[in-house]
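Please look over the sequence and the structure shown here.

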Amino acid sequence: MNVGKIQESVLRRSVFRQLKTKREEVLCGAGPGEDCAILSFPPGEELLVSSAASVRTGRDAALYGIHTAVNNLAACGGRPAAVWLTVLLPPEAEEEELRALMMQAEHVCAGLNIQIAGGHTEVTSAVNRTALSVTAVGSAPPGQAIRTSGLHPGAELVVTKWIGLEGTTMAAKEKEQELLTRFPAYLVEEAKGFDQYLSVLPEASAALTSDAVKDAICAMTDVSEGGIFGAFWKMGESSGIGLEIDLKKIPIRQETVEICNHLDLNPYELISGGSLLIAADDGYALAESLEKVGIPAAVVGRATAGNDRIVLNGEEKRFLGPVRTDEIHKLI
């Protein structure tokens with residue numbers, strides 16, 4: 001395609017025509033000539049905004065980028081309503097790639113009941129593969145937004161579903177042929193299908209609407225870049241307190257273990273979209289309430305006074321530090 005802003009004819013057939021999901025909060029959304037969306041939320045609600053970037057190969061940039069931005073909102077206690085997409089394509093990209101990306105973006109948003117309210121699409125020599133920036137907007141009742149930094153000593157840490165879901169599905173897709181020489185096809189297919197678990201909206205909503213536990217929740221964060229170790233460090237560091245984690249209690253799928261062992265990846269530092277880290281005064285009550293609505297959850301540790309962040313593995317003890325580079329970058 002030609003360098004510069006995408007032509008209106010291409011926008012109409014390959015972008016706007018793919019957008020079907022509508023939300024009542026979006027009074028004016030994406031369309032020809034519209035450079036600004038207009039949203040309306042219930043009086044008194046607080047506005048939440050989050051952004052994420054994705055440079056994954058092909059149309060999967062939409063799958064990962066949208067889930068990341070929306071999960072950030074969910075982990076803050078927000079109800080997402082709309083996203084804006086900025087798509088940068090290299091000059092060698094074909095229009096079909098743009099159309100496929102927008103079709104996947106609409107499919108993901110339809111599944112989350114979120115409207116694509118606008119954005120920008122451009123061909124530029126500044127990138128050598130498709131890059132996507134996602135901005136998500138939603139709302140939360142006054143004073144009910146949850147911060148990552150709300151952790152206090154004595155709170156228990158709960159991990160939902162399993163760690164490494166996003167990294168496992170990415171690895172299974174990127175290295176499918178190599179993995180098929182080592183593992184049965186059903187295992188690789190199961191791992192590729194982990195992308196069905198990437199949203200944390202269900203567990204965030206369930207946790208924050210449960211009368212039994214919602215008032216006991218003090219901090220949340222989605223487990224994304226840097227994996228579960230990165231999420232532990234972020235929550236502990238932002239709150240300025242210590243942690244004690246039991247490694248053996250962290251939930252992980254066998255497919256993730258097998259694939260990470262084969263590809264020499266550390267699953268605890270692997271991008272883990274689809275998992276939510278929640279701190280609550282009674283973690284076991286929270287885990288039980290989530291299990292009742294079909295969401296796997298496990299108590300994996302607790303917050304402590306001081307600054308030491310410790311991971312226990314039986315008799316072995318190690319000190320947690322910041323994750324500098326996510327393990328997925330070894331593959332992508």
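Predicted model: local features only at pLDDT ≥ 70, side-chain atom pairs only at ≥ 80, totals over all residues.

Helices (H or I, at least four residues) and strands (E, at least two) are DSSP runs, numbered from the N terminus. Residues are numbered from 1 along each chain as its sequence is written, and side-chain values use heavy atoms, with hydrogens and water left out.

L85 is in contact (heavy atoms within 4.5 Å) with residues including I66, M102, I116 and L132, leaving aside its neighbours within four places in sequence.

G77 is found in the loop between α2 and β5 (79-89). G77 has a relative accessible area of 14%, so it counts as buried (under 20% relative accessible area; exposed is over 50%, partly exposed in between, with a 1.4 Å probe and protein chains only). Not counting residues up to four places away in sequence, G77 touches A140, I146, L208 and M220.

Strand β10 (residues 242-246) pairs with two strands; pairing requires that DSSP finds at least two bridges between them. With β12 (residues 297-304) the sense is antiparallel, over four bridges, and L243 has A303 as its bridge partner there. With β13 (residues 309-313) the strands run parallel, again joined by four bridges, and E244 stands opposite I310.

Salt bridges, defined as a side-chain nitrogen of Lys or Arg within 4 Å of a carboxyl oxygen of Asp or Glu, number 14. R99 and E96 meet in one of them at 2.7 Å, N to O. Both lie in helix α3 (residues 95-112), three residues apart, about one turn of the helix. R99 is partly exposed at 22%, and E96 is partly exposed at 46%.

Another salt bridge joins E190 and R253 at 3.2 Å, N to O. E190 lies in helix α6 (residues 185-192) and R253 in the loop between β10 and α9 (254-263), so the pair ties together parts that are 63 residues apart in sequence. E190 is partly exposed at 34%, whereas R253 counts as buried at 16%. D60, K173 and D195 are linked in a network of salt bridges.
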